[in-house]
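User: I would like to go through the labels on this structure and ask what stands behind each of them. Please set the values against the cut-offs.

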Amino acid sequence: MPTKGARGTARPAPTSPQPPTTPSHPLRVAIIGGGPGGLYAAALLKRLDPAREITVWERNAPDDTFGFGVVLSDETLGGIEHADPVVYESMQHDFVRWDDIDIVHRGTRHTSGGHGFAALGRKRLLEILHDRCRDLGVDLRFRTEALDPAGLADTHDLVIAADGVNSTTRETYAHVFRPHVATHHCRYIWLAADFAFDAFRFEIAETEHGAMQLHGYPYAADASTVIVEMREEVWQAAGFAELDEQGSVDRCAKIFAEALHGRPLKSNKSAWTTFRTVVNERWSHGNIVLLGDAAHTAHFSIGSGTKLAVEDALALAACLEEQPDIAGALGAYEEERKPVVASTQRAARASLEWFENLGLYLDQPSLQFAFNLLTRSRRVTHDNLRLRDAGFTEAVERDFGCPTGTPPMFTPFRLRGLTLRNRVVVSPMDMYTASDGVPGDFHLVHLGSRALGGAGLVMTEMVCVSPEGRITPGCTGLYTGRQADSWKRIVQFVHDRAPGTAIGVQLGHSGRKGSTKLMWEGMDEPLDDGNWPLVAASPIPYKPNSQTPRELSRSQLTDIREQFTSAAWRAARAGFDLLELHCAHGYLLSGFLSPLTNRRTDAYGGTLEKRLRFPLEVFDAVRSVWPEERPMTVRVSATDWAEGGNDAEDAVEIARAFAAHGADAIDVSTGQVVADERPEFGRSYQTPYADRIRHTTGLPVIAVGAISSWDDVNSLILAGRTDLCALARPHLYDPHWTLHAAAEQGYAGPGVVWPAPYRAGSRRPQTGRTDAPKPRLTLGT
């Protein structure tokens, strides 16, 4: 639940807080802000030590609150029940519980059950916490501005800043907390209806101005929270900027009249606002600590604001009990909560961006749209949705085209004349074990074992088109007949011993990232000796200690294009089923695409259209010698993760350009273009870029990047976010990853075939007994 405004802070002071030298059981505690997080922290700390003097400053009146309902998870409720049964029991009496989610898309409603929600009114939650604090002896000071944080820190053992998203405490010590606040692209308003929805409801209104969405859920027997959200440009076009509060309320009720059964909406000092994601590098300074929205925010679409604040309070109270001093307690609190919050914020960011890009998905089939919405945060997946509501999930699978009993990952996919029997790709992985560019027995075993492991497509590492185009001395090539013969041996093994598995070659040139050590000797570090000269779009070294490349002349561009063509011709003769052109990760062709690495002033630099010119020339040359029936894909870095570099919008245009020249699919990676990038890692973190390219261009995509489970693969494919999933590290951990995924899902159809010598291993081996007799009696002492 978002919090509007700083809850209790006054003008900042320049002084610093006291050093945290007091014991970890502080006797004097000041809490700035009387929201659920601050109040619950007060109650917990007072309950743990009644001798504590705890004061809560809240600038508003006791019954002033923003928003209407609060949703809490079973996990959070379990923590509350364990820590303070009195608060839990009081909340229990007012909870509204439900299991269903309704999704209304183009007049069709789909219901998914088994989700389990509990909600109550925000005002009622505050009343419960007020009563509990008063019963315990907490000093609640309403309509009262707190002293400045530094002043409180001088007179108290501990200061808890629970002063909301606009925290003055955080801003006072911004140089210590180092906050980052990101503003997003949608406007939303928090309203209420005077009846209870019978499910968590998502409804989409497609208006002449653009898509708008309603998020609604009950929080009392006769009341529901209603949030209306839309992109900024839709909000402007619809004229909401000119309406007053009541005008906006009436307009929203009219737009969503069907969902509201024609009933009105009501407001509570409601105003259109833009969500801001708050992240802090540090959460404590001396004896001052941030809690709740002051420390972090998570988009309301996953219902985590109040939940996170309450969980912060639980963790902080526990750490203060467990640690010997305040410094240790605050350090432990950060260490415990930061990873949890970061994970929640990643999920919230994925959900937020899904709704920001809602327009991309409106043309999806209705059931797939519903599944896509439910799995948008990547926390709900295909497998756990099947556990919650098998009937709904099976309906989505049937609509997608999955034969009965066939997981989405084991459905076939066609690219040009090649039909892949499943959607799993062994991602290109450099092995750095070649001699003079020749793949040897290691490559035969490496690629052969993964082909036997059941993947639909096995990709080689980046195969270099010239000696100077290698990344390291251990990289493979396709610039000699001996190399081609060795690759032909590997391709033949895959075709003979793993029939039905396709093998693809990835062609590339290292550009300015060449002449470096083997990965385990120092990734991207220049060779100590034996260097070869580098070439690139512009004479910019990759790292300060890297070799400076020469800017390619027009004649050299022609030579390199011919090197790609020759390598492609050899790849075709070797029998590869698919060819991928490597235009990512800062290598030569990628270096032409990025404005950070291409500073040319000729026809090959400047605008994106000009930066695309050479990569497209290479693509056309390769396509001209690559067999017509065999597909070609292109790997791109969809963002440079750096200011001034390519971003998602550029990636869409790059994909469109390659599609216009005949690319059959785009393999969507990110980054590694510049050394000072700032990537945002996380589970399947690159998938949103693939998703956007797929839905904007209509071109098939391969998603790659931290996709680690077969559940992720099924989820992404069934939601329509990708067509194929490429996995690297999971295939290093388990060469037979795809076979094992089939066994674990009980699948034995045509989408994956166990090699005859391996069939005896197609069942999971038995383990030790887990069915030992349970104790029959429990004797009292």
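**Labels and their cut-offs**

Analyst: Met519, Trp520 and Met523 make a nonpolar surface patch of about 350 Å². This is a predicted model, where local features need pLDDT of at least 70, side-chain atom pairs count only at pLDDT 80 or more, and totals for chains, interfaces and linings use all residues. Residues are numbered from 1 along each chain as its sequence is written, and side-chain values use heavy atoms, with hydrogens and water left out.

User: Why is Met519 called partly exposed?

Analyst: Buried means under 20% relative accessible area, exposed over 50%, partly exposed in between (1.4 Å probe, protein chains only). Met519 is at 40%, so it counts as partly exposed.

User: How do you know that Asp528 and Lys517 meet in a salt bridge?

Analyst: A salt bridge needs a side-chain nitrogen of Lys or Arg within 4 Å of a carboxyl oxygen of Asp or Glu. For Asp528 and Lys517 the N to O distance is 3.4 Å, and the pair meets in a salt bridge. Asp528 sits in the loop between helix 17 and strand 23 (535-536), Lys517 in the loop between strand 22 (502-508) and helix 17, so the pair ties together parts eleven residues apart in sequence. The structure holds 38 salt bridges.

User: Which of the two partners is buried, and which is exposed?

Analyst: Asp528 is exposed, because its relative accessible area is 67%. Lys517 is buried, because its value is 19%.

User: What do Glu525 and Lys543 tie together?

Analyst: Their side chains meet in a salt bridge at 2.5 Å, N to O. Glu525 lies in the loop between helix 17 and strand 23, Lys543 in the loop between strand 23 and strand 24 (550-551), so this pair links parts 18 residues apart in sequence.

User: Why are Glu653 and Arg656 separated by about one helical turn?

Analyst: Because they are three residues apart in helix 22. Glu653 and Arg656 form a salt bridge, with the closest N and O atoms 2.7 Å apart. Glu653 is partly exposed at 37%, and Arg656 is partly exposed at 36%.

User: Why is Thr639 called buried, and what is it in contact with?

Analyst: Thr639 is at 8% relative accessibility, so it counts as buried. Contact means heavy atoms within 4.5 Å. Leaving aside neighbours within four places in sequence, Thr639 is in contact with Asn646, Asp647, Thr670, Gly671 and Tyr689. The side chain of Thr639 also reaches the backbone nitrogen of Trp641 at 3.1 Å. Thr639 lies in the loop between strand 26 (632-637) and helix 22 (648-660).

User: What is the phi of Ser515, and is this residue buried or exposed?

Analyst: Ser515 has a positive phi of about 55°, although it is not a glycine. With a relative accessible area of 2%, Ser515 is buried. Ser515 is found in the loop between strand 22 and helix 17.

Terms used. Helix = DSSP H or I, 4+ residues; strand = E, 2+ residues; numbered from the N terminus. Polar contact = N/O pair within 3.5 Å; in protein donor to acceptor, adjacent residues only side chain to side chain. Patch = residues over 30% accessible without salt bridge, like charges linked within 9 Å, V, L, I, M, F, W, Y side chains within 5 Å. Areas by Shrake-Rupley, 256 points an atom, 1.4 Å probe, with all protein chains shown as cover.
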